[in-house]
Amino acid sequence: MITDIIENNEYKNLVCKQVRETMEYLLNNDQEFSITANVDGITFNPELPASIKEQLAKFSLFVLSNYTYTTVEINDSYVSFEAGYGSENFGSVAKIPLHSVFQINSVATVDKFNKNQEQNSMSVFKNNPNNKKFK
């Protein structure tokens, strides 16, 4: 079962290594990015006010750009950064375990990747003789 794998410490370590290496690559290339992470594992210093913390979804998006990007630190276990939260722009350092990172968003908005995939996909669809009736 999949839970046998995802609950395995060896797999968790593999995922953490991949997350760390991907973020290090982006940082070494001066590329801003965002991450989606499970807030249950995140610590904030200082602690976020309850009114702000309650607004965070279980899997929240953190955009690492501008000032926040300059504060990013990463090691074998955590990524941390300072950001402003809520409409009050409450300043706090988020410390996120690498295993809590659900997604790293860096190329999802790159038009040439998405456009080419769409065109290639559509070309494959149109070139299939069984799909001639859909043209």
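Y85 is buried, its relative accessible area being 6%, where buried stands for under 20% relative accessible area, exposed for over 50% and partly exposed for anything in between (1.4 Å probe, protein chains only). The model described here is predicted, so local features need pLDDT of at least 70 and side-chain atom pairs count only at pLDDT 80 or more, while totals for chains, interfaces and linings use all residues. Residues are numbered from 1 along each chain as its sequence is written, and side-chain values use heavy atoms, with hydrogens and water left out.

Turning to the aromatic rings, the count comes to 3 pairs. Here, rings of Phe, Tyr and Trp (its six-membered ring) pair if their centres lie within 6.5 Å, and planes under 30 degrees apart are called stacked, over 60 edge-to-face and the rest tilted. One of the pairs joins F44 and Y85, which is edge-to-face because the ring planes stand at 85°, with centres 5.4 Å apart. This pair bridges distant parts of the chain, 41 residues apart, from F44 in strand β2 (residues 43-45) to Y85 in strand β5 (residues 78-85); strands are DSSP runs (E, at least two residues), numbered from the N terminus.

Another pair, F59 with F102, is tilted, since the planes meet at 45° and the centres are 5.1 Å apart. F59 belongs to strand β3 (residues 59-64) and F102 to strand β7 (residues 101-105), 43 residues apart. F59 is partly exposed at 42% relative accessibility, whereas F102 is exposed at 59%.

Key
Helices (H or I, at least four residues) and strands (E, at least two) are DSSP runs, numbered from the N terminus.
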